[in-house]
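Reader: I would like a close look at one contact surface in this entry. Please keep the account plain and give the cut-offs behind each term.

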Amino acid sequence: MAQSDETKKKVVVRVCIGTGGLAAGGKEVIEAFKKAISDFCVDIELDFTCHYQKVGCRGFCARDVLVDVVDGDTSVTYQGIKPDIAKRIVQEHLINGQPVKEWLIDDSYYSFHSKQMKVLLKDCGTIDPEDIQAYSKVGGYTGIRKILSTMTPEDVIAEIKASGIRGRGGAGFPTGVKWEACRKAQGDVKYIVCNADEGDPGAFMDRSIIEGNPHSVIEGMMIAAYAIGAGLGYVYIRAEYPAAVERLKLAIAQAHETGHLGKGLFGSDFSFDLRIKLGAGAFVCGEETALIASIEGERGMPRAKPPFPVHRGLWGRPTVINNVETLSNIPYIIRNGASWYSSIGTDKSKGTKVFALTGKIRNTGLIEVPMGIRLGEIIYDIGGGIIGDKKFKAVQLGGPSGGCIPDHLLDTPVTYEDIVRTGAIVGSGGMVVLDETDCMVNIAKFFLEFTQAESCGKCVPCRIGTKRLLEILDRITRGLGKEGDIELLEALCSDIKVASLCGLGQTAPNPVLSTLKYFRHEYEAHIKDKKCPAKACKDLLIYSILEDICKGCGVCKRACPAGAISGDKKKPHKINADLCIRCGACFDVCKFNSVNRE
Amino acid sequence: MIKLMIDGKTLSVPDGTTVLDAARRFHINIPTLCHHPKLTPFGGCRLCLVEIKGIPRPVTSCTTPAAEGMEVTTTSPNLESLRKTVLELILSDHPNDCMICERAGDCTLQELAYFYGIRKNRFSGERRTYSKRDGNPFIERDMEKCILCGRCVKVCDEVEGVAAIDFAYRGFKSKICPPYEKDLNCEFCGQCVAVCPTGALTGKAWKQRGRQKDVREVDTTCAYCGCGCSLTLHVQGNEVIRVTSREDTLNEGWLCVKGRFGYNFINSPERLKKPLIRKDGKLEEASWETALDYVAGRLKDVRDKYGPNAIAGLSSARCTNEENYLFQKFIRGVIGTNNVDHCARY
């Protein structure tokens, strides 16, 4: 007799549907599993029921799509799963009980996690972000319940201050101090704003948190609202994060339905509601005064501070603006206590920090580490070192406001103070690893291209100054650098830093200054010798064929798109420098390494 | 009142005064380009940076409120070097065609470049170029000379309440333009022209009619309406080539399109200077006495023959209240009819 579904054992297939997971085909993988199961159901009766769980970013984006098969107490993780592999996993693992070895996660997954400490990301990747119950089951919304029944707003602020948490958006301002200033500010109405306008190139911490655990951000905002005396909150989120926006909308709708948002929450007289404001893709709107202008319907341009938003913010009212990661930390601090939080990290930099690890590193992905971990540990232990065994050159922290940290400073602990001392900043958490083939002048140029284009245009040093910086960098990379350019760069950088209106301009020269500090010789090589030591600047490369090695096979000749290579078969070929467009096609195709690039 | 120290001088200013206003009140000069006393502070040009004891970095004096006990330094080698850099940067993206610019001699940017002695510029590179000329009839918009101080945007929004122009695009490509970059199609009050510190905004009719140094300024009252705004006619030879208004007048320097741009009639050959009376189908010049007698006689004839209600009076918004009052009194009391109205009702 057929077993009823209720009595059958449950098997859970957990699939990552963060943006990385989605891009790698997460949704298709779930569909493939469903189809495979229903196909098998036609012929045989299965002794289990299969449940599907969509989860947020698991961090190990390099091996997406990640799939967990949870059967009772045992959980098996697969990596790099495509829809066509689903059928095999269903047949061999789910039905026959033999995990498919060749797709099992390898050791790097474990070393990737070895030195991490997951607080925020613990639930991100295990719970269904589209289900409020999933968050409640892991302790969600107990923080807000706890404070509403047992703590005054002042108690909450004291707790947050005691925890030592500092703003995760980049500046590292103590969160409790900000809340206290807003609490004390005069105003009939106050606001809490969540800054989810994450715009640094290569950064995706905030997106992953919202995609993977949106309710933690909502609960953090509620606690902040209670502490400062706000009844309404805004999430300012960039429209380029469609999955995050959808999940946040769903989370807010579910919170409304289940009485987690609205009037008189949890039997108290505390009311809180939440609105979403979509950003239109301006990096500068991550600057808090520009963000306020944008919510108010104005062009996103910063204004001079003071007055600070805690005194005059949104609609002229006292406003606290906190970053996603900061707010997401709050429920955990309230749940576990300030002393638990302050036990993590160093003396002045508490807690954990989420980083988006990208660039020339083996294990790219999202990581969470305790403050105070050394940069080298992140790069070699968690990141698994450089791809292709190339030489490490630098790690870029803090995006366009940050700087590059070279090899000899990899012992630097990741704390606000220590990183600033190197000339970079912790920033919001973008960490781009560079190897020996990256030209540092070119890296500085890349970031300047970004800030220059994203300057709001209001103040002269940022609008025209960054443009001139970029032009100088551009001519250096094209071999047109002049004697005195380095000094001019330094002078202009220092003036832009001092004279610019907002944080964007004040930090825009950092990528130039930090590369000049540690890689001045690369600038000099470009200007004086007209050489790019990393062989990355196309205009400075000269391609030639080493006649004694060339076999005259003609492969390079066929590959050259400019018709610059000539030569008879089986005789050494030649490159006509006037026609050569320095694309490197000949260099890449030659099997005998007879193409010389310098 | 607040007491603060600027460049070693102790000053006393009312609460809410900015550091810039406090300094200017006591004739301490701080250079500015984007600041306008009647508009909200912008803080964009960065020329008015000052050092304040206890604040680690220079701040813009136009946006910083004066506070009790503040110690401000408005000039130092460091500040002057920053200001010079800012000016060099602006000039590196400017046509620098002062030789043929309408505003030469009346341009804040030119003044500052002179004051800071910027002959050689450390910076050069791409300049913004705009090929399209704005087709509107009144305002010449030479946007290559625009320094994006935002004064025109603010005056249009804060004073006129029109908001016909705003910032568009980002970074070096930022520009000020009407919606969708169409030709300016506003009420053409020209307040934007009045507040522009460079030659970016000028009157189309001003072109090559004379530079500021050559004009004689004649103060008068606008005759276009009962408001009676103060005008300053810029006269070269015997011709009005431009109209502006002083800030210390009743209208605070603001004008409308008529007052600012409607001065062509003054030197028009078609302008009526004497009354004309039509005789045998032809208009002939007459003295005011003859003309008034003629009008009075005809009004009397009509009233006697057809009664007062055969006459109606229509008055003008160009008249003052007093004139309009007298006119209705004349129609009602002298002619004897209530048939009186005013063009502003239509």
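Author: A salt bridge here is a side-chain nitrogen of Lys or Arg within 4 Å of a carboxyl oxygen of Asp or Glu. The model is predicted, with local features needing pLDDT of at least 70 and side-chain atom pairs pLDDT 80 or more, while totals for chains, interfaces and linings use all residues. Residues are numbered from 1 along each chain as its sequence is written, chains are lettered from A and ligands numbered from 1 in the order written, and side-chain values use heavy atoms, without hydrogens or water.

Between chain B and chain A there are two salt bridges. In a salt bridge between these chains, the side chain of Lys467(A) meets that of Glu126(B), at 2.7 Å from N to O. Polar contacts (N or O atoms within 3.5 Å, one able to donate a hydrogen and the other to accept it, with residues adjacent in sequence counting only if both atoms are side-chain atoms) join 17 residue pairs of chain B and chain A, both residues at pLDDT 80 or more. On the side of chain B that touches chain A, helix 2 (77-91) and strand 7 (166-168) of chain B are the elements that give two or more residues; helices (H or I, at least four residues) and strands (E, at least two) are DSSP runs, numbered from the N terminus. Helix 2 of chain B supplies the largest share of that side, six residues. By class, the side has 15 nonpolar, eleven polar and six charged residues, where Ala, Val, Leu, Ile, Met, Phe, Trp, Tyr, Cys and Pro count as nonpolar, Asp, Glu, Lys and Arg as charged, and the others, Gly among them, as polar.

The contact (heavy atoms within 4.5 Å) takes 32 residues from chain B and 32 residues from chain A. Buried area is the accessible area (1.4 Å probe) that two parts lose on being put together, summed over both. For chain B and chain A this area is about 2700 Å², and carbon and sulfur atoms give 57% of it.

For reference, a contact inside chain A can be set beside this one. Domain 2 (132-341) and domain 4 (440-529) are among the domains of chain A, with bounds from an automatic or database domain assignment. Their contact takes 13 residues from domain 2 of chain A and ten residues from domain 4 of chain A. These two domains of chain A bury about 900 Å², with 75% from carbon and sulfur atoms. Between domain 2 and domain 4 of chain A the salt bridge count is zero, and three residue pairs are in polar contact, both residues at pLDDT 80 or more.
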